Amino acid sequence: MNFLSLFKRNLIYKLKKKIDVDKDDLSSMSLDQLFHHYGSDKAEIFKLNKKKGHGYSKFYLKHLQKLKKNQLNILEIGSYSGASAAAFSKYLPNSQIFCLDINVSKFKYSSKKIKVYGVDINNKFKVIKILETIFFNNKFKNFDIIIDDGSHKLSEILNCINFFIKYLKSGGIFVIEDYMLPNYFKNNKDVDDIFVDHLLKKLRNNEFFKSNFFNKEDQKYLISSINKIDNYKGNLDISDICFIEKK
């Protein structure tokens, strides 16, 4: 993406009126109800079209319920309108959510607990600068949770795993949503490389693999750093999510 397009989107985000979720008293809502309320397709029912959503809320609940009262630092890659960030800010009231998206002009929610950054994640220099700013301003070094809900193109998923897992704390959780889309759709398989489900299988078995995105040292780091991988199937044929726990 060129500089002017990104600048324009960031400007629209700054100028547009947003919905302040801090004013919402939704403490009685479940995580799924929050996803539905704010319009996230992670919910059992997608508010926008009243049809089945991905149904990821039950899997998030399984991994996050015990952390509900903790002070977590969450990085969300691909936030779109900010629906899931808004839901997480209510379900995890003591946590902060940092959102990276290439088109923040669509972001419509605001909160003291949500920070939004417009950036192309393929621009590693810009991403590193943003991460350094986040760590410096908020006095922490690594994230507790990282969620990849970006373009779902194979190249970006592989890049995200290799790049961002280094910024995940010990015991942290790396979530990849819709990671099988490159298996299902040609447009998402934008490179000829290892599929994510195959990659996860190799990591479970502590095996090296062929990839243009991971050299030997990258693979050694992944194999030595991962404690557990949980895969789940959501409501739809294309609904696949995994939770990677770091040692």
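User: What should I keep in mind about the numbering and the model before reading the helix contacts?
Analyst: Residues are numbered from 1 along each chain as its sequence is written, and side-chain values use heavy atoms, with hydrogens and water left out. Because the model is predicted, local features need pLDDT of at least 70 and side-chain atom pairs count only at pLDDT 80 or more, while totals for chains, interfaces and linings use all residues.

User: At what angle do helix α2 and helix α3 pack?
Analyst: Helices are DSSP runs of H or I with at least four residues, numbered from the N terminus, and their axes are lines fitted to C-alpha atoms over the stretch in contact, with angles from 0 to 180 degrees between N-to-C directions. Here α2 (residues 31-38) and α3 (residues 57-64) pack at about 130 degrees with axes 9 Å apart. That makes α2 oblique to α3, given that angles under 35 degrees count as roughly parallel, over 145 as roughly antiparallel, 65 to 115 as roughly perpendicular and the rest as oblique.

User: Which residues of α2 and α3 meet?
Analyst: With contact meaning heavy atoms within 4.5 Å, L31, D32 and F35 in α2 meet S57, Y60 and L61 in α3.

User: How do α5 and α6 pack, and which residues make the contact?
Analyst: Helix α5 (residues 124-138) and helix α6 (residues 154-164) pack at about 45 degrees, their axes being 13 Å apart, and the two are therefore oblique to each other. The contact is formed by K124, V127, I128 and L131 of α5 together with N159, F163 and F164 of α6.
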